[in-house]
Amino acid sequence: MTIGRRRGGRWSPPLWTPGDPAIAEISEAAGNGEHRLVNRYFEATPPPVLTAALDGFGKFITQPGSYKEVLETIQQAADEYWSTHQPG
């Protein structure tokens with residue numbers, strides 16, 4: 001069974017053409033070589049942010065009412081990291 005094939009720098013189902021212009025634009029932008037695709041959370045997240053998120057997710061699972069604190073902690077870690085690093 002063929003799931004898809006590489007066409008124009010992007011994966012698409014065989015003979016598939018987006019019917020929505022916005023989807024076509026996003027698909028074209030994603031496959032033009034200017035962006036780096038990172039599929040997995042661990043590779044896409046800086047280590048200090050990842051650590052805060054994983055700790056927070058564990059806390060949230062055991063204490064669902066802590067979601068605001070968890071989100072604030074993750075955001076603080078992200079703000080601190082990105083204040084001294086450039087994206088990319």
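What percentage of the 88 residues in the chain is buried? I looked it up: buried residues make up 20% of them. Buried means under 20% relative accessible area, exposed over 50%, and partly exposed in between, with a 1.4 Å probe and protein chains only.

Ground rules next. The model is predicted, so I note that local features need pLDDT of at least 70 and side-chain atom pairs pLDDT 80 or more, while totals for chains, interfaces and linings use all residues. Residues are numbered from 1 along each chain as its sequence is written, and side-chain values use heavy atoms, without hydrogens and water.

**Layout.** I find four helices and two strands. Their order from the N terminus is β-β-α-α-α-α. These are DSSP runs: helices are H or I with at least four residues, strands are E with at least two, numbered from the N terminus.

**Aromatic rings.** I searched the whole structure and got one aromatic pair. Tyrosine 81 and tryptophan 82 have ring centres 4.8 Å apart and planes at 90°, so I log the pair as edge-to-face. Rings of Phe, Tyr and Trp (its six-membered ring) pair with centres within 6.5 Å; planes under 30 degrees apart are stacked, over 60 edge-to-face, the rest tilted. Tyrosine 81 counts as buried because its relative accessibility is 19%. Tryptophan 82, at 38%, is partly exposed.

**Tyrosine 41.** I placed this residue in helix α2. Its relative accessibility is 38%, so tyrosine 41 counts as partly exposed.
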